[in-house]
Amino acid sequence: MNNRSLRRVVSRLWRGQYGLAKTWWIFGVVGTLLLNAISGPLNAFAATSPWDGIEGVALLVAVVIVAAVGVIYGVVVTFGLVRSAMAYEGNRVWSWLAITLTACAWIFTLLYLVV
């Protein structure tokens, strides 16, 4: 995927143009699982590795980059999901359920970081 295609996908996602089901399942569920498949082992490795020397610096940089990508991805998906939910013309239960579950996910994430 080239840079222009990626920008087009992110732009459409941000504006909620993929629809509620695609946004929820492809970007929300599958995208988050893929991101967790990368960040989980990286964080586990970082927790058990020494942080001295250049290897420690490289590990810290990798953890920070993956965390930043995760936050940015989460924000883009959240805005796209809310926008697609507000435009959803089907049963409103699905749109409110998607928004509620997304809000709960952010609350649990923030609580995890604080506690």
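These notes cover the first helix, the loop tryptophan and a surface patch of a predicted model.

1. Helix H1 takes in residues 3-14.

2. The N-terminal end of H1 is capped by Asn-2. A side-chain oxygen of Asn-2 lies 3.3 Å from the backbone nitrogen of Arg-4. After H1 comes Gly-16, with a positive phi near 75°.

3. Trp-51 sits in the loop between helix H2 (20-48) and H3. Its relative accessible area is 44%, so Trp-51 counts as partly exposed; that class lies between the cut-offs of under 20% for buried and over 50% for exposed.

4. Neighbours within four places in sequence set aside, the contacts of Trp-51 are Ala-46, Gly-56, Leu-59 and Leu-60.

5. A nonpolar patch on the surface is formed by Ile-54, Val-57, Val-61, Ile-65 and Val-69. Together these residues have about 450 Å² of accessible area.

6. One member of the patch, Val-57, belongs to helix H3 (residues 53-87). Val-57 has 48% relative accessibility and is therefore classed as partly exposed, since exposed requires over 50%.

Methods. Residues are numbered from 1 along each chain as its sequence is written. This is a predicted model: local features need pLDDT of at least 70, side-chain atom pairs count only at pLDDT 80 or more; totals for chains, interfaces and linings use all residues. Side-chain values use heavy atoms; hydrogens and water are left out. Helices (H or I, at least four residues) and strands (E, at least two) are DSSP runs, numbered from the N terminus. The expected span of a helix is 1.5 Å times one less than its number of residues. A polar contact is a pair of N or O atoms within 3.5 Å; within protein, one must be able to donate a hydrogen and the other to accept it, and residues adjacent in sequence count only if both atoms are side-chain atoms. Patches are made of residues with over 30% relative accessible area and no salt bridge: like charges are joined within 9 Å, nonpolar side chains (Val, Leu, Ile, Met, Phe, Trp, Tyr) within 5 Å. Accessible areas come from the Shrake-Rupley method with a 1.4 Å probe; for residues, only the protein chains shown count as cover. A salt bridge is a side-chain nitrogen of Lys or Arg within 4 Å of a carboxyl oxygen of Asp or Glu. Buried means under 20% relative accessible area, exposed over 50%, partly exposed in between (1.4 Å probe, protein chains only). Contact means heavy atoms within 4.5 Å.
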